[in-house]
Amino acid sequence: MRGPTKAFLSLILAFTGFYGCSKGGGETPLAITHVGLIDATGQPTQADMTVLVANHVIVAIGPSQSTPVPAGAQIFDARDKFLIPGLADMHVHLTGSGEPAGSREFMIPLLLANGITTVRDMGGYLESLAPLRRDIQEGKRLGPQIFFAGPFLDGSPPSFEPSLVVNNEVEAADDVHRLVAGGVDFIKVQSILSRDAYFAIAQAARREQISFVGHVPDRLTALEASNAGQKSIEHLTGVLRACSSDEPGLMREQFFAGPNDATAESSHAREVQWETKLLQTYSEKQAKELLAQFVHNETWQTPTLILLRNDAYPAEEASSPIEPTLRFVPRKIAEKWRQVRITQDKLVRPAEFALREKLMAQSMHVVAQMQTAGVHILAGTDSAAPYVIPGFSLHQELRLIVQAGLSPMEALQAATKNPAEFLGKSKTQGTIEAGKTADLLLLDGDPLVDIHNTQKIRALVLRGQLLDRAALDRLLSAVETFAGNQ
């Protein structure tokens, strides 16, 4: 084995130098020793490694037999364990569960307990998100790094709240400018926007030099959204339709309201017919051409397959793996979820679940095609949508991504390396490399052998602070108590 490189030796000196300066007070350096290192760069697991952390940063990485650990450092012996970067959930709604307690007492602790150190909030109340992020940044509260959009931009009536209704170019310019001034990281577009309003938002975002992401509005094609510069498409909205050999016909039928559509039952029946045609007209040629444009335009995708899974297999909501985690959901929220499911299921005949399963299977097929074609994929969940339980759902999403056909490494990168690249943070996070922020997740099993092992969490390192299994269990216990009192 070759000796330490000059760069490696300099890192060791930097580590020991920091320790010498901080010994009288301040953060104690951390050494994770004898660990199987999965750095998420795409390289295979490196056995018996030591990772040194000081001042919130990874300062050195090397073989345990040749990497000195300074006296006085906190040592975590991680034999037979595996270290990966902290995870990112790239589609959450932190303020969607009642404020101020919903984000602070329910969602944030569950995210941390599940190893999530970064989130992209895809629509919420700025007056709650801004102080929450500030409290975390200032060290007043433990929590993941938060990137947020603030309220949705949508048509009238908007699909969800909070929303800003955009009807024209003036409103688009005003709303985008106001959100940028409010400190948002990106703009989120929704499904009801008109074509004119959507393109006006795209123009305003370019003028303000901020990216825009979200749904493909119903009256646009996925290709049009990609060509307009939309940086990410959520939930595969518009994607299957864009893979049809008759997308124009599907769009016409989608907005046709016939005389027999007066009741929910008749409208639902027409939706079933439309979805059947969507599957029947799927074209591999159309899909290939669409994905090539996504690659050319650098249009990212956040599939949120867990939402499709919940629609296709609702019985799983009352069984493993969801049922055991329902105890962490505030009772009022769990009851709302139950009522939503009851209302939906009244319209669905048992035979229609077979159609939903086919839609999910086709969507998973497209995700696999995206990975092969070079489309960038992000792991996200839409927490806390009904039965999408914060934190736990990201591990379910990773399993679904692997089930779709991606390798465990590719799935892991969808929650680590890819989000960092998307957010423009590759220099500081996303992989385990010297100089990057020490957001790390220690596992009892190898996720590259079985992606289920991402849930076998032994400890979390959050910006250099070690949260062992006991600390994570205390977070879960506090959430369970909170949920039971709501």
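The coordinates are those of a predicted model. Begin by selecting L94, F106, I187, I201, V239, F294 and M370: among the 107 residues of the largest nonpolar core, these touch the most other members.

Keep M370 selected and display its surroundings. Apart from neighbours within four places in sequence, M370 is in contact with L236, V239, L291, F294, Q301, V375 and I377. There is also a second, separate core, which has 18 residues. To find this second core, select I32, F76, L83 and I432, which are included in it.

**Helices α2 and α17**

Next, select residues 101-113, which form helix α2, together with residues 469-484, which form helix α17. The axes of the two helices come within 9 Å and cross at roughly 145°. The crossing of α2 and α17 is left-handed. To view the contact itself, show the side chains of A101, E105, F106, P109, L110, L112 and A113 in α2. Their counterparts in α17 are L472, L475, L476, V479 and F482. By class, this contact of α2 with α17 comprises 11 nonpolar residues, 1 charged residue and no polar ones.

**Helices α13 and α14**

On the α13 side, select M360, M364 and A368; on the α14 side, select L400, Q403 and A404. These residues make the contact, which divides into 5 nonpolar, 1 polar and no charged.

**Two single residues**

Select S128, which is found in helix α3 (residues 126-137). Is S128 buried or exposed? Its relative accessible area is 16%, so S128 is buried. Leaving aside residues within four places in sequence, S128 is in contact with T95 and E99.

Finally, select E208 in helix α5, which spans residues 195-208. With a relative accessibility of 25%, E208 counts as partly exposed. When residues up to four places away in sequence are not counted, E208 touches V176, H177 and V180.

Key. Residues numbered from 1 in each chain as written. Predicted model: local features only at pLDDT ≥ 70, side-chain atom pairs only at ≥ 80, totals over all residues. Heavy atoms only, no water. Contact = heavy atoms within 4.5 Å. Helix = DSSP H or I, 4+ residues; strand = E, 2+ residues; numbered from the N terminus. Nonpolar A, V, L, I, M, F, W, Y, C, P; charged D, E, K, R; others polar. Core = buried A, V, L, I, M, F, W, Y, C linked by side-chain atoms within 4.5 Å. Buried < 20%, exposed > 50% of the residue type's maximum accessible area, 1.4 Å probe, protein only. Axes fitted to C-alpha atoms, helices over the stretch in contact; angles between N-to-C directions. Left-handed = near helix turned anticlockwise from the far one by under 90°.
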